[in-house]
Amino acid sequence: MKNVQFREALREAMSEEMRTDENVFLLGEEVANYNGAYKVSQGMLDEFGAKRVIDTPIAELGFTGIAVGAAMNGLRPIVEFMTWNFAILAADQIINSAAKILQMSGGQINCPIVFRGGNGTAGQLGATHSQSFEAFYAHVPGLKVITPSTPYDAKGLLKAAIRDNDPVVFLESEKMYGDKGDIPEGEYIIPIGVADIKREGTDVTIVSFGKIIKEAHKAAEELEKDGISCEIIDLRTVRPIDYAAVVNSVKKTNRCVVVEESWPIASIASEIAYHLQNYAFDYLDAPVKRVMQSDTPFPFSPTLMAEALPNVERIIAAVKAVSYK
């Protein structure tokens with residue numbers, strides 16, 4: 001095993017796949033000469049050259065369309081968005097072209113492409129630069145949606161995404177790029193659509209994904225002091241969702257809290273709650289609780305930011321509520 005940063009795990013995944021398959025290439029704003037806005041692609045231009053690591057203009061709709069067309073013709077592009085907030089401009093190509101072409105071509109044309117970049121909040125960036133898009137893209141048939149929380153998951157899932165024949169939305173976080181974690185020295189792949197039990201527990205299931213799962217871990221440590229044992233499930237993939245992992249955990253703990261860094265309406269948390277009442281109703285000893293971002297555009301003020309996001313205190317309160325304590 002070796003200890004690497006989140007950004008290094010992503011770089012390893014892309015570089016390994018580019019060495020293996022000459023059809024894989026990277027494009028996006030500042031990915032080449034600047035080594036990536038968050039240094040994810042550092043050194044890749046030197047190794048693979050300007051034909052496979054391509055700097056683009058600030059024109060998300062345009063370069064995403066080029067990449068989607070390339071994927072339909074047999075290449076395997078990786079599109080880096082500086083943030084997923086900017087990818088709103090490219091949503092037409094992602095949702096109306098990449099996600100639809102297999103069905104609209106009667107199964108004749110695949111679109112093996114990965115769209116990746118920073119997602120969610122990252123300091124005082126204001127409402128238009130602090131949005132979490134997991135549920136937004138998970139709503140769309142034809143897309144697969146991944147949001148890893150550790151360097152290990154990031155590398156294994158990104159390699160799986162690059163090899164997949166369907167379009168994959170890969171959501172990272174600017175606040176995670178410097179996180180460190182252990183990954184194997186050799187190659188490994190994590191299957192898309194398989195959740196991971198990050199912490200074993202017996203009393204309450206906490207379901208989460210992405211960087212906000214760190215708050216769930218902190219809350220679980222505090223709750224352990226009060227004699228409440230929390231099981232933490234990291235979905236890792238939010239389309240498809242590993243429903244079986246969640247249901248099986250709730251059958252053991254009989255309680256569930258879902259923690260999500262996004263708005264409450266039409267959320268992943270809502271989907272989990274629906275699925276549990278449909279398939280694990282007889283096992284629930286309390287209603288499913290959600291700990292979400294506030295139902296408002298994200299604030300700029302640090303004081304309001306702290307109130308808007310899920311935090312340890314709110315998670316602890318939710319867990320105690322479903323435990324009737």
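View 1. Thr205 stands opposite Glu231 of strand β11. The model is predicted: local features need pLDDT of at least 70, side-chain atom pairs count only at pLDDT 80 or more, and totals for chains, interfaces and linings use all residues. Residues are numbered from 1 along each chain as its sequence is written, and side-chain values use heavy atoms, with hydrogens and water left out. Strand β10 (residues 204-208) pairs with β11 in the parallel sense, over five bridges. Two strands count as paired if DSSP finds at least two bridges between them. Helices (H or I, at least four residues) and strands (E, at least two) are DSSP runs, numbered from the N terminus.

**View 2. Five strands form an open sheet.** Their order is β9-β11-β10-β13-β14, and the pairing is mixed. Strands β9 and β14 (289-291) are the edges, each pairing on one side only. Neighbouring strands of this sheet are turned by 25° against each other on average, direction ignored. Strands of a sheet pair through backbone hydrogen bonds, either parallel or antiparallel. Helix α9 lies across β10, β11 and β13 (256-259). This helix runs at about 175° to β11. Contact here means heavy atoms within 4.5 Å. Axes are lines fitted to C-alpha atoms, for helices over the stretch in contact, and angles run from 0 to 180 degrees between N-to-C directions.

**View 3. Lys252 and Glu231 form a salt bridge.** Their closest N and O atoms are 2.5 Å apart. Lys252 lies in helix α9 (residues 243-253) and Glu231 in strand β11 (residues 230-234), so this pair ties together parts that are 21 residues apart in sequence. A salt bridge is a side-chain nitrogen of Lys or Arg within 4 Å of a carboxyl oxygen of Asp or Glu. Glu231 is buried, with a relative accessible area of 1%. Lys252 is partly exposed, at 41% relative accessibility. Buried means under 20% relative accessible area, exposed over 50%, and partly exposed in between (1.4 Å probe, protein chains only).

**View 4. Lys198 and Asp196 meet in another salt bridge.** The N to O distance is 2.8 Å. Lys198 is partly exposed at 25% relative accessibility. Asp196 is partly exposed too, at 26%.

**View 5. Glu187 and Arg163 link distant parts of the chain.** Their side chains form a salt bridge of 3.2 Å, N to O. Glu187 sits in the loop between β8 (180-183) and β9 (196-199), while Arg163 belongs to helix α7 (residues 151-163), 24 residues apart. Arg163 is partly exposed, with 38% relative accessibility. Both residues belong to a network of salt bridges that also links Lys2, Glu12, Glu16, Glu17, Lys155 and Lys159. The whole structure has 26 salt bridges.

**View 6. The peptide bond from Arg239 to Pro240 is cis.** Its omega is near 0°. Pro240 is found in the loop between β12 (237-239) and α9. Most residues other than glycine have a negative phi, and most peptide bonds are trans.

**View 7. Asn35 and Ala266 have positive phi values.** For Asn35, phi is near 70°. Asn35 lies in the loop between β2 (24-28) and α2 (44-48). For Ala266, phi is near 55°. The loop between β13 and α10 (268-279) holds Ala266. Ala266 is exposed, with a relative accessible area of 63%.
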